[in-house]
2 protein chains.
Amino acid sequence: MVSDRGLEVLRVIVQDYVASREPVGSKTIVDRHSFGVSAATIRNDMAQLEDEELIAAPHTSSGRVPTDKGYRMFVDHLADRRPLSNAQRTAIETFLGASGDLDEVLHRTVRLLSQLTNQVALVQYPMFSRARVRHLELVSVTPTRVLAVIILDNGRVEQRLVETEASVDDVLIGRLRTQCNEAVAGRPLLEAHDALGDVPELIAERDRPAATRIVDAVREQLSAQRQDRLVMAGAANLARTEDDFPGSIYPVLDAIEQQVVLLRLFGEMEAERDSVVASIGRENASFGLETTSVLVGDYRSSGGEIARLGVLGPTRMDYASNMAAVRAVARYLSRTLDAE
Amino acid sequence: MVSDRGLEVLRVIVQDYVASREPVGSKTIVDRHSFGVSAATIRNDMAQLEDEELIAAPHTSSGRVPTDKGYRMFVDHLADRRPLSNAQRTAIETFLGASGDLDEVLHRTVRLLSQLTNQVALVQYPMFSRARVRHLELVSVTPTRVLAVIILDNGRVEQRLVETEASVDDVLIGRLRTQCNEAVAGRPLLEAHDALGDVPELIAERDRPAATRIVDAVREQLSAQRQDRLVMAGAANLARTEDDFPGSIYPVLDAIEQQVVLLRLFGEMEAERDSVVASIGRENASFGLETTSVLVGDYRSSGGEIARLGVLGPTRMDYASNMAAVRAVARYLSRTLDAE
DNA sequence: ATTGGCAGTCAGGGTGTTCGAGTGCTGATG
DNA sequence: CATCAGCACTCGAACACCCTGACTGCCAAT
């Protein structure tokens, strides 16, 4: 077992190592922190920490470095909830000023988060299962191409281009538009999806195939939960701390470019409301991200829908302030989107 | 002056260096290529090339490396128009199969281009000055927030959230929607913008401020040439060739994350129709991209509007095949978008 | 439980040496 | 006059070597 002072030692090791990127030894510890005991004693504690695999030595007789398990212990039990710095506060304040549509807000948020943390920031689009359809617009772009635009009452707009085999004239489009709107207007996504099923039958036999094609495309779009997108910013930050990635950053950059991977990762991380959780180092191995840590939190969008946002960076990151930043931004984003 | 054989020597230096990342010396050249002359003669030619600053030696008595000027000479006069490989052809073919809306096509295109070239690929959104307004939709999201959706007849959809001071009821929205649509439907962007100027006057005095606010937002959106966006893929490829960037890739990653920079760069590169142009090394210095080269070509979208696409990579890149790939993808994209 | 002391380990940095690739030059040759 | 073989020279990369300094691990004493 490891003593209370042992944990204290682990904490300062994590803090010093994160700050300096240098393995930290017993002497440095007694020099920089007032433990009131000698270096030899610290060494004994460190030996215990090493037994528990909370720290490790890169090579014989060098300082120690936290292991993944050590970081885990740190975030779970040792990290103090550090308040945001003033600079960070004002950054959030100025950000608060402007407004815009959903796209714009999310983009601004992700840039903000990336600047606050100096890491890669990620924001997931909210899904809109509870949203209602406000209006459906059909536009003929070319004779055999129709653009369907779905406008939701929470401000989201979905669009989709449909290719038809036969050419479609404006009369048919107009008729379809009316019929569809009657069927879907004001309904939640799922109901709207079902209601559309009957629409093609109201269309003249001759135009039935084209109509079915168009309506099906719309239905598909309606049922596709648009939670499958995210915005990202600050990828360059990975290159700043290049040395933290053994070998090359290539695998990391490659992995984060596949949004699918990140979305799966987001999905698998459990988080309680209003808390920020971390996934550290090898815990991300199945995503090809074993050299990184990911912090995620939840936010609520207009419909009360829940989506996630977070940061990704090297395992050696400042967990305390980054988690605080994620928490603050998540809370703020909820407030912005929720405001009526 | 540099002889014909001298240029031939430059060509193989560029090719070998691009392939191997090793400075190439006179011996290697006579070994690998059949010039029919001795190494000493090649050395004389190389001396001339060095006088002309087309090649340089990283240090005394080491092989030579092309300078920016050397690459420039290569792409302008020496690069043979290499036909695409079969693998590349099939890649484009399979890509050709599917369809989708503009967003989707551009995203697929950019991924394709990045895979073909193993570089960072960029595709600019077309601008739509010639497009006409198909429909204008106003949706009240909350009492003081109205979402304006502009649907263009080329399939593009623009949206914008407007914040009003006083709350706006559905009657007003309905009235505005009708008035606006009457004013803009079927008109090109510019005309529509002007025509909207009179609309607020048709609204009751009481609601004038809110109406003006909304209409102005729409007008602003109409006149904002939406050429200010681009999609990107393959940023990870920069990390694969990390060694080509002296120091760190950080500045490069940082620069390409600022889309503004890339758009300016795109804008300043002159290109004739159907050709691909290159901007090499220090020619990009004012954009913080002096270690990279950029290849761009034009494509035409539905309205006949011209936009650009290209790739960005280390100066040491395979110009011949990359330019071929850009040309092929540009041509193909034009065909896809232009098809009626 | 804590401590001072001491021997042992090992990475990093500096130095010296060798090796070899590649150049520039020169004088000879057709 | 272009081409060529030969030779002396340069300089980076690789290697061996040695020191230094920063640590640790252990032990006997308090």
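Start with the surface near DNA strand D: five of its residues are nonpolar, 11 polar and four charged. The classes are these: Ala, Val, Leu, Ile, Met, Phe, Trp, Tyr, Cys and Pro are nonpolar, Asp, Glu, Lys and Arg are charged, and the others, Gly among them, are polar. A residue is near a strand if its C-beta atom, placed from the backbone, lies within 6 Å of it.

A word on the source. This is a predicted model, where local features need pLDDT of at least 70 and side-chain atom pairs count only at pLDDT 80 or more, while totals for chains, interfaces and linings use all residues. Residues are numbered from 1 along each chain as its sequence is written, and chains are lettered from A and ligands numbered from 1 in the order in which they are written.

Two or more residues each come from α2 (26-32) and α3 of chain A and from α3 of chain B. α3(A) has the largest share, five residues. Helices (H or I, at least four residues) and strands (E, at least two) are DSSP runs, numbered from the N terminus.

Now DNA strand C. There are 22 residues around it, and Val37(A), Ser38(A), Thr60(A), Ser61(A) and Gly25(B) come nearest. Here α3(B) gives the most, with five residues. By class, this surface has five nonpolar, 13 polar and four charged residues.

Next, the sheet in chain A. It is open, with three strands in the order β4-β5-β6 and antiparallel pairing; strands pair if DSSP finds at least two bridges between them. β4 (133-142) and β6 (157-163) of chain A are the edges, each with a single partner strand, so one side of each has no neighbour in the sheet. Seven bridges join β5 (residues 145-152) of chain A to β6(A). One pair to look up is Val149(A) with Gln159(A) in β6(A), which are bridge partners.

Last, the two protein copies.
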